[in-house]
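Here is a short report on one protein chain. Take a look at the model first, then read on.

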Amino acid sequence: MRILLASVLLLAASGAAHAANCSIDLKGDDAMKFDKTTVTVSASCKAITINLEHPGKLPAATMGHNVVIALSSDMQGIVNDGAKAGLAANYVKAGDARVIAHTSIIGGGAKTSASFPGSKLKVGGDYDFFCSAPGHWAVMKGKLVVTK
Ligand code: ZN
């Protein structure tokens with residue numbers, strides 16, 4: 001009986017571990033859109049991985065996308081400075097402290113990933129994910145909901 005209880009607890013514990021979402025999986029296409037408008041992650045994740053896929057055909061120079069994670073209030077400043085930094089800098093100013101995490105810019109047919117510690121996010125904070133390519137942020141953005 002005691003052994004049975006222990007294995008039930010073990011199952012419950014592994015179920016709880018699975019409940020924490022530690023990845024941000026997005027697709028950005030030739031229509032300048034992400035496939036999601038909301039992603040939920042857990043601040044308790046040791047590492048949160050951004051997985052970006054570009055299922056389109058256009059090259060990075062004309063329809064390149066990245067994923068930037070930041071506070072909503074910082075988005076405008078980040079994209080303004082990112083536009084000046086240019087494609088070679090992945091449209092992110094070097095050393096921009098407002099950027100919590102970002103991937104590189106990719107074109108059609110490519111994939112990229114980037115990881116950051118969940119401890120960089122605060123539960124219930126007002127975060128966005130967006131593409132910082134010039135003009136894209138207006139439509140390529142969504143809410144990053146942070147849970148415990
Ligand atoms: Zn984009």
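Accessible areas here come from the Shrake-Rupley method with a 1.4 Å probe, and for residues only the protein chains shown count as cover. On that basis the chain exposes about 8000 Å². Carbon and sulfur atoms supply 61% of that area.

This is a predicted model: local features need pLDDT of at least 70, side-chain atom pairs count only at pLDDT 80 or more, and totals for chains, interfaces and linings use all residues. Residues are numbered from 1 along each chain as its sequence is written, and side-chain values use heavy atoms, with hydrogens and water left out.

## Overall fold

The chain has three helices and eight strands. Helices (H or I, at least four residues) and strands (E, at least two) are DSSP runs, numbered from the N terminus. In sequence order the pattern reads α-β-β-β-α-β-α-β-β-β-β.

Of the 148 residues, 38% count as buried. Buried means under 20% relative accessible area, exposed over 50%, and partly exposed in between (1.4 Å probe, protein chains only). A contact means heavy atoms within 4.5 Å. Among contacts with a separation of 6 or more, 71% come from residues 24 or more positions apart.

## The sheet

Five strands form an open sheet, in the order β2-β8-β7-β4-β5. The pairing is mixed. β2 and β5 (101–102) stand at the edges with a single partner strand each, so one side of each has no neighbour in the sheet. Two strands pair if DSSP finds at least two bridges between them. Strand β4 (residues 68–71) pairs with β5 in the antiparallel sense, over two bridges. Ile69 stands opposite Ala101 in β5.

Cys131 and Met140 are both buried.

## The disulfide and its surroundings

A search of the whole structure finds one disulfide, meaning a pair of cysteine sulfur atoms within 2.5 Å. Cys22 and Cys45 form it, with their sulfur atoms 2.0 Å apart. The link is left-handed, at -85° about the S-S bond. It joins distant parts of the chain, 23 residues apart. Cys22 lies in the loop between α1 (2–19) and β1 (23–27). Cys45 lies in the loop between β2 (38–42) and β3 (48–53).

Gly118 sits in the loop between β6 (111–116) and β7 (127–130). Leaving aside neighbours within four places in sequence, Gly118 is in contact with Ser42, Ala43, Cys45, Lys46 and Ile48. Gly118 and Cys22 are 96 residues apart in sequence, yet 8.0 Å apart in space, C-alpha to C-alpha.

| Residue | Relative accessibility | Class |
|---|---|---|
| Cys22 | 28% | partly exposed |
| Cys45 | 5% | buried |
| Gly118 | 0% | buried |
| Cys131 | 0% | buried |
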